[in-house]
Amino acid sequence: MALVPDANTPIVNDDSPRDIQRTLEHLGAGLKKRWGQNFLIDRNARRRIVETLGLEAIQSEGPLWEIGPGLGAMTALLLERSNRQVVVFELDYAFVRFLRERFGNSERLTVVAGDVCDTFPPLSAQHAPVAVLGNLPYSSAGRIIGALLSLGVPCERMVFTTQRELTERLVAAPNTPAYSAFTVMCQLRADIRRVRDFPGGCFYPAPRVSSSVVKLQPRYNTRPITSVAVLQELLQGAFAARRKTLRNSLGATRFATVLGRSRLEELLRAAGGAPERRPQELSPEVYRLLANKLAELFAGRR
Ligand code: SAM
């Protein structure tokens, strides 16, 4: 969808680096590397990402969310492909102004300014999305995905474009180098599938690394977590040193201080783990069972 021009706004062809540059000049804004501003300049790639959401199959009511809309290339497609409300979260105020100019006449669009990790929680409580989409900034993609899943945003699916290295952490199996505390937390909250990879050339400016599209289907009820805070504390303790056995790493946590090391080891065995193992050897489910038991024992304590 081309920009509807007015007296002040340059026309944007979303696939043209030249037009993107002209638009940035018009806005008096440079590209900010720290905010991961690499625009997806391949319309087929954008179309495939939106198709991955499978919007036609979503029955429930609710808006679509887009994180990091940039100059609105994906936003235009979302508005075109669906009749739902679209809420976009953008940190760069120059882009926020531009999006309001570009889509000024659409009653279906809400532009939320600021860091999405600060702005989405109140909205999620009021009016939960049915689906979340985003070509995420590389530097904070992990933080954003972690925040959405930790808070349990109750949507049917999320589709993100992220740096390949982050995707590998999201889908990693136990006993592989990419398996981490982040992997465990995310896999407990959602079924995660890598859908496809895109080379750096699909973006402007082209990043040095390639990107992947991942699809997440939240499963908050089938694997309930009693306390996300306790699970996070447990994972932080367990993964503090990958080479150490759990006997040593968990032995240094508050849980061991309060319960005693041998009681903690007993609970670990009951959950299906073993103190002689290393943190990357345990499945997400073992961590969940142990964390839920600890949450029960530590309820009301700090
Ligand atoms: N959606 C556009 C596209 O696909 O071409 C731009 C994607 S660009 C990789 C990431 C966008 O996220 C940028 O517009 C950037 O300003 C924005 N952004 C970065 N950090 C953010 C944050 N914490 N909250 C909201 N938006 C953020």
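Here are a few friendly questions and answers about this predicted model and its ligand.

Me: Where does the ligand sit, and how much of its area does the protein bury?
Reply: Start with the location: the ligand sits in the largest pocket.

Me: Which residue has a backbone N or O atom 3.2 Å from a nitrogen atom of the ligand?
Reply: A polar contact needs two N or O atoms within 3.5 Å. The backbone atom that lies 3.2 Å from a ligand nitrogen belongs to Leu-91.

Me: How many residues of the shell around the ligand are charged?
Reply: The ligand is surrounded by 21 residues, with Gly-36, Leu-40, Gly-68, Glu-90 and Asn-135 the closest. Strands β1 (39-40) and β3 (86-90) each supply at least two residues of this shell. By type, nine are nonpolar and seven polar, while the number of charged ones is five.

Me: Which residue just after α6 takes a positive phi?
Reply: Helix α6 covers residues 141-151, and its buried residues include Ile-144, Ile-145, Leu-148 and Leu-149. In an α-helix, residues three or four places apart point the same way, because there are 3.6 residues a turn. Just after α6 comes a positive phi of about 70°, taken by Gly-152.

Key:
Residues numbered from 1 in each chain as written. Predicted model: local features only at pLDDT ≥ 70, side-chain atom pairs only at ≥ 80, totals over all residues. Heavy atoms only, no water. Near = heavy atom within 4 Å. Polar contact = N/O pair within 3.5 Å; in protein donor to acceptor, adjacent residues only side chain to side chain. 1 Å grid on protein atoms, 1.4 Å probe; cavity = no way out; pocket = protein on both sides within 12 Å on 5 of 7 lines; lining within 4 Å. Sits in = over half its atoms within 2 Å of the grid points. Helix = DSSP H or I, 4+ residues; strand = E, 2+ residues; numbered from the N terminus. Nonpolar A, V, L, I, M, F, W, Y, C, P; charged D, E, K, R; others polar. Buried < 20%, exposed > 50% of the residue type's maximum accessible area, 1.4 Å probe, protein only.
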